[in-house]
Amino acid sequence: MSVATLELPTGPEPANPKVLLRTSLLGMKLALAGIGMLFTAFTSAYVVRHGLDPDWHAMPMPRILAANTLALLISSLSLEVYRRRRDGRFWLALSQVMGVFFVAGQVAAWRQLQAQGVYLSNNPHAAFFYVLTAAHGLHILGGLFALGGITVVAEARRIRWLEAASLYWHFMGALWLYLLFLLFGMN
Amino acid sequence: MEVHVAAHQHKAPTGFVQKYIFSMDHKVIGIQYLTLAMAAVTVGMILSLLMRLRLAWPTEKWPMLAHIFPNGFAGGPMTPEFYLAMLTMHGTIMVFFVLTTAPLSGFGNYFLPIQVGARDMAFPFMNMMSFWVTLVSFCVMLMALFATGGAPISGWTAYTPLSAVGLIGGPGLGAGQTLWIISIAIFCVGSLLTALNFLTTVLNLRARGMSLMRMPLTSWAWFTTAILALLAFPVLLAGGVLLLLDRVGGTSFFIPAGLVVSDRHLTNSGGSPLLWQHLFWFFGHPEVYIAILPGMGVTSHILSTFSRKPVFAYKAMVGAIFAIGFISYVVWGHHMFMSGMSPYTAMAFSITTMAVGVPSAIKTFNWLATLWKGQIRFTCAMLFSLGFVSLFVSGGVTGMLLAQPAVDIFLHDTYFVVAHFHIIMGVAAIFGIFAGMYYWYPKMFGRLLDEGWGKVHFWFSLVGVYCIFMPMHFLGIAGHPRRYAQLTEFKYLLHLQPLHVFISIAAFITVTAQVIFFFNFFWSLKKGKPAGDNPWESTSLEWSIPSPPPFDNFGPIEPIVHHGPYEYSVPGAARDYIMQTDPPEARP
Amino acid sequence: MALLLGLFFAAVGTVTVGLFLFKVWWLPELISVHGAAIDDQMILTLIIAGTVFFLAQIGLGCFVWTFRGQGRKASNWHENPKLEFTWTAITLVIFVGLGISGNRIWAQYFQTPVPRDAVMVEITAQQFAWNIRYPGADGVLGRTNPALIDDAAGNYIGLDPKDAAGKDDVVTQNLMAIPVNRPIRVMLRSKDVTHSFFVPPLRVKQDAVPGLVIGVSFTATKTGEYEIACAELCGMQHYKMRGRLLVMTQTDFEQWLKTRAAM
């Protein structure tokens with residue numbers, strides 16, 4: 001609506017869905033900027049600590065992470081299909097299931113490490129692994145909650161919720177790839 | 001630039017709980033934050049008085065206080081660890097729960113949507129959550145204050161390894177320190193929710209005609225401050241998580257090898273105490289600008305209103321706010337000149353720190369130029385804003401000394417630094433809050449604060465804070481280090497004791513005078529003069545609606561903006577002010 | 001009100017500047033070589049900062065009085081790009097100039113190479129004392145190992161009894177002696193938390209960070225007894241962490257070392 005075509009309004013404007021969507025997406029992008037800063041800070045701590053420590057023993061990547069990564073990628077792809085079609089409960093369900101698989105797989109990776117005697121306290125590389133996967137995992141749990149909400153929220157809000165949740169979910173997927181690279185791609 | 005129409009359909013809230021407790025109305029949330037800040041500042045002031053008591057009379061016994069805080073007095077005078085605990089909690093509570101809440105989340109929440117012509121913030125539910133999260137954070141901080149083993153003693157900066165090694169490092173470093181970290185982490189989340197709302201609201205929900213360059217400088221300040229908060233608080237959160245893990249998880253992010261604390265050999269290895277400082281100050285420096293920028297916006301706004309003149313060089317003021325915000329991200333190393341950081345890095349930070357003084361100076365010139373050939377009305381809001389200018393100059397110029405590493409060799413960690421940051425944060429920013437309070441109270445509550453008592457409050461405060469903090473410069477120049485529970489152990493400091501007594505007496509008087517404000521605040525709620533819509537003849541959008549505003553701010557008619565924010569004394573206009581929503585013909 | 005406020009701001013400017021000018025409370029006496037440049041830079045900056053401060057407070061006071069509302073119409077003057085540019089440029093020049101001049105002195109300070117004949121002193125800070133160590137006749141500091149630290153047994157710095165080089169090391173607590181007019185090189189360490197070695201008359205301050213060994217150099221120019229203060233919050237006795245610094249003649253210093261070595 002341009003300023004040039006002003007007329008004196010007679011009442012409150014009805015909620016404009018396009019503006020509402022843009023608002024939701026802007027809010028989500030800003031939130032992702034904040035989350036990005038969190039992981040930037042963790043990254044700088046990682047880089048500094050890595051550079052400082054003569055006793056740095058990088059642990060090998062737990063193999064299950066490959067499966068977890070695949071699950072998360074499928075989850076994002078599936079969600080993207082659902083988002084574009086705005087339909088097809090199968091794709092949404094697949095996305096959620098793959099998401100749960102990812103979280104379960106991360107927990108399994110933790111268990112594996114603990115079984116090998118690798119804890120927070122005895123290996124700094126592992127310490128960062130635990131911290132980064134925990135921080136990422138908490139955000140994934142939030143994302144699962146958001147995905148679950150898609151079919152539950154009122155119709156009027158559904159598109160906005162879906163769009164924002166998708167953006168969040170894809171970001172978490174990309175973030176995971178980045179964390180994999182940070183932890184294991186530079187050894 | 002395209003402007004956007006309001007995107008919300010509001011139903012009026014019903015019931016006491018929905019209206020006043022779990023409210024999603026930005027106005028209620030703003031008042032909730034202000035109430036939190038008032039509670040926090042009361043606690044913070046009491047803590048500072050306890051500190052001043054010890055500094056002035058270190059060997060004195062205080063039986064009444066010993067009764068309330070038996071651990072802090074242990075049968076004799078106040079213990080040094082109690083002093084350090086007071087110091088830590090005073091700094092933490094003031095910086096986080098007063099200076100980050102009141103100017104931004106308090107006034108900003110209330111007035112940003114109105115000033116840009118919106119019905120509410122972009123995400124009202126998240127806004128409500130941000131307050132309750134912050135309140136939880138405050139409760140956890142109070143728990144830290146009364147924790148078993150004492151409140152933390154590592155300062156609001158919680159430098160490692162002291163804050164990481166636990167109780168073997170000293171009292172308060174056990175449960176107290178852990179609760180402190182948890183509280184701060186929760187606070188980070190609350191601030192992020194606030195920041196999201198502010199930014200989205202400004203970018204997407206402005207009314208028709210409210211272009212960015214027609215926003216009042218208060219809105220610009222809140223907007224920029226929100227950007228700072230969005231990008232800085234996550235870094236503190238990351239640091240806090242890592243510190244917590246060092247304490248309870250056996251990690252060594254900040255603890256190097258070979259430490260022997262109180263004859264106990266620690267098994268940690270490989271961490272860096274400087275890493276904490278970098279993470280903390282990367283957050284910490286933008287944080288202090290978060291504390292001052294809203295006050296600068298308020299000052300511009302109020303100086304303009306009560307000089308009946310437009311803000312001088314509005315565009316430059318916007319640019320200066322942005323410049324300050326941006327540069328604030330690249331100066332953090334000036335807190336670390338003596339830390340063992342590379343001296344070349346120190347040089348770089350020194351240059352950026354000097355640079356941030358330039359936009360601040362521009363703002364000061366522009367404030368003076370705003371007054372030039374004005375017709376000044378000495379309302380309480382104006383008095384506090386004039387005080388802000390004076391204090392901002394006083395605190396700012398000492399930055400020129402601290403920004404130079406060579407000079408900082410002597411001044412670092414002395415009372416000179418304490419003077420500098422108190423005058424800027426602990427006074428100028430506070431004066432910004434008071435100015436905002438006297439200015440906006442009538443809009444929020446429909447009644448005016450009593451101007452007579454306000455003037456008494458002003459004079460006690462202005463004279464008082466200069467008496468408290470000016471002498472601290474001299475303590476610093478004489479080489480008096482910070483965070484000393486008393487100066488009596490060092491011969492070269494003994495001659496400074498009379499200054500401490502003077503400061504403490506001034507502090508007691510000044511803090512007591514704040515009772516006048518609190519009394520005025522509560523008395524005027526019921527007995528203040530009715531305010532009307534626009535008692536100050538001010539131009540921004542909040543003055544075009546009733547006092548207090550209806551739940552959806554503007555009622556049935558959408559606001560349409562035709563004018564800039566500071567159209568005062570426009571030649572040929574009917575009145576000496578044109579409101580932003582006045583018809584276009586109002587400006588000849 | 002206008003008069004009162006205007007006078008108050010003017011008073012703030014005047015009284016403060018006066019207190020500085022008359023050095024009512026001032027820097028401790030200077031006893032180091034490099035400190036002269038620091039003091040000069042501090043004074044220069046104080047003069048510039050003080051002038052800005054004074055003019056701003058007086059200006060504010062004058063404006064408050066002159067432009068008090070008198071029922072007339074205010075001016076609408078609200079921009080002047082040339083003026084804006086001018087005062088911005090002047091400010092930039094002053095600030096950047098100060099920054100550059102200050103950094104020159106800083107560079108001189110840390111880039112001066114340590115002379116070969118500098119007296120080596122190692123200081124290991126702890127809660128709440130300064131452990132001072134001299135290399136002794138062999139000029140070599142003995143090996144230390146944190147695992148050997150045992151405060152109860154008096155081995156505060158973990159001196160390794162097996163290392164021959166350490167046998168002649170002179171170790172004291174809270175007592176440091178240095179010869180006058182000779183370059184000193186202090187190696188700062190910490191065994192528990194971050195402390196900071198601060199001797200005001202020397203214009204020396206450097207954090208002692210656990211895990212790091214940080215060097216700081218200076219030359220004292222006047223004999224006497226001075227105090228070492230801790231300048232980084234290190235725990236509940238931070239305010240009491242006091243060391244004695246004795247600056248003496250070269251002969252006295254050698255005698256002092258011999259006496260302490262025998263102890």
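The structure is a predicted model, in which local features need pLDDT of at least 70 and side-chain atom pairs count only at pLDDT 80 or more, while totals for chains, interfaces and linings use all residues. Residues are numbered from 1 along each chain as its sequence is written, chains are lettered from A and ligands numbered from 1 in the order in which they are written, and side-chain values use heavy atoms, with hydrogens and water left out.

Chain A and chain C do not touch, and 10 Å separates their nearest C-alpha atoms.

The meeting of chains B and C involves 107 residues from chain B and 95 residues from chain C. About 9000 Å² is buried between chain B and chain C, with carbon and sulfur atoms giving 72% of this area; buried area is the accessible area (1.4 Å probe) that two parts lose on being put together, summed over both. Across this interface there are 37 residue pairs in polar contact, both residues at pLDDT 80 or more. Here a polar contact is a pair of N or O atoms within 3.5 Å; within protein, one must be able to donate a hydrogen and the other to accept it, and residues adjacent in sequence count only if both atoms are side-chain atoms. On the side of chain B that touches chain C, H12(B) gives the most, with 16 residues. Helices (H or I, at least four residues) and strands (E, at least two) are DSSP runs, numbered from the N terminus. The side of chain B that touches chain C has 69 nonpolar, 26 polar and twelve charged residues. In this grouping, Ala, Val, Leu, Ile, Met, Phe, Trp, Tyr, Cys and Pro count as nonpolar, Asp, Glu, Lys and Arg as charged, and the others, Gly among them, as polar.

Chains A and B meet through 37 residues from chain A and 43 residues from chain B. The area buried between chain A and chain B is about 3400 Å², and carbon and sulfur atoms give 73% of it. Four residue pairs are in polar contact between chain A and chain B, both at pLDDT 80 or more. Helix H1 (17-52) and helix H4 (124-149) of chain A are the elements giving two or more residues to the side of chain A that touches chain B. H1(A) supplies the largest share of that side, 20 residues.

Chain C also holds an open sheet of five strands, in the order E3-E2-E1-E5-E8 with mixed pairing; two strands pair if DSSP finds at least two bridges between them. Strand E3 (170-173) and strand E8 (214-219) of chain C each have a single partner strand, so one side of each is left without a neighbour in the sheet. Strands E1 (residues 119-126) and E2 (residues 129-134) of chain C run antiparallel and are joined by five bridges. Ala125(C) has Trp130(C) in E2(C) as its bridge partner.

Terms used:
Contact means heavy atoms within 4.5 Å.
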